[in-house]
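Hi there,

Here is the structure I promised to pass on to you. Have a look at it first, and then read my notes below with the model open beside you.

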Amino acid sequence: MTERIVVVGAALFDGDRLLAARRSAPPALAGRWELPGGKVEPGESPEAALVRELHEELGVDADPVARVPGEWPLKPPYVLHVWTARLRPGSPDPKPLQDHDELRWLTRGELWTVPWLDQDVEAVRELTTLQGRGAV
């Protein structure tokens, strides 16, 4: 049996706005939107991976807040786990440095105005449920 590889996605919030990132690579994913993040490396905690990936991909300093309930299958053996996150005071503004060509801060009413990657759709739905309960 193949061991699962966790990919962390960041539900990065600024007030009630969620950051979405448009993929520029690979070609099969280009133009679709996702929660930024990436693979957890061997020996790395998911929280540390989230901090590292946000710094590498967006140039920001962020703190993970809480794991969003659920997990979403990606191409085997990968599985997506999402964490809410906040920018640290004094962090630079996010910029699309790796694998993305555009970023948008989306309000709750704008969440479905972008074509999310299939696996991120369910994670964003879970986020909206949590927002509706005041949990994020």
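β1 and β2 pair in the antiparallel sense over two bridges. Two strands count as paired if DSSP finds at least two bridges between them. The strands themselves (E, at least two residues) and the helices (H or I, at least four residues) are DSSP runs, numbered from the N terminus. Across this pair, aspartate 14 stands opposite arginine 17 in β2. The two strands form a hairpin with two residues between them, and glycine 15 in the turn has a positive phi of about 65°.

Before you go further, a word on the model: it is predicted, local features need pLDDT of at least 70, side-chain atom pairs count only at pLDDT 80 or more, and totals for chains, interfaces and linings use all residues. Residues are numbered from 1 along each chain as its sequence is written, and side-chain values use heavy atoms, with hydrogens and water left out.

Now back to the strands. β2 has other partners too: it pairs with strand β8 (residues 100–106) in the antiparallel sense over six bridges, where alanine 20 stands opposite arginine 104. β2 also pairs with strand β3 (residues 33–34), again antiparallel, over two bridges; here alanine 21 faces glutamate 34. Is β2 enclosed or open? Five of the seven residues of β2 (residues 17–23) are buried, so this strand is largely enclosed by the rest of the structure. "Buried" means under 20% relative accessible area, "exposed" means over 50%, and "partly exposed" is in between (1.4 Å probe, protein chains only).

Eight of its 10 residues are buried, so β1 is largely enclosed by the rest of the structure. β1 and β7 run parallel and are joined by nine bridges, with valine 79 in β7 as the bridge partner of valine 6. With β4, β1 pairs in the antiparallel sense over three bridges, and valine 8 stands opposite glycine 38 there. As you look at these strands, keep in mind that in a regular strand the side chains alternate between the two faces of the sheet.

Next, the interior. A nonpolar core is a set of buried Ala, Val, Leu, Ile, Met, Phe, Trp, Tyr and Cys residues joined through side-chain atoms within 4.5 Å. Which residues of the largest one touch the most other members? Of its 20 residues, they are Leu18, Leu35, Val82, Trp116 and Leu127. The elements that give two or more residues to this core are β1, β2, β7 and α2, and the largest share, five residues, comes from α2. A second, separate core has 17 residues, including Ala10, Leu19, Leu50 and Leu54.

Of the 21 residues that line it, the closest to its centre are Val7, Arg23, Leu29, Leu74 and Gln119. β1 (5–14), β4 (37–39), β7 (78–87) and α2 (118–132) are the elements that give two or more residues to the lining. On a 1 Å grid over the protein atoms alone, a pocket is an open set of points where a 1.4 Å probe fits, with protein on both sides within 12 Å along at least five of seven lines; lining residues have an atom within 4 Å of a point.

Finally, some details of the backbone. The peptide bond from alanine 25 to proline 26 is cis, with omega near -10°, and proline 26 sits in the loop between β2 and β3. Another cis peptide bond joins proline 76 and proline 77, with omega about 10°; proline 77 lies in the loop between β6 (72–73) and β7. In the loop between β7 and β8 you will find aspartate 99, a residue other than glycine with a positive phi, near 65°.

Enjoy exploring!
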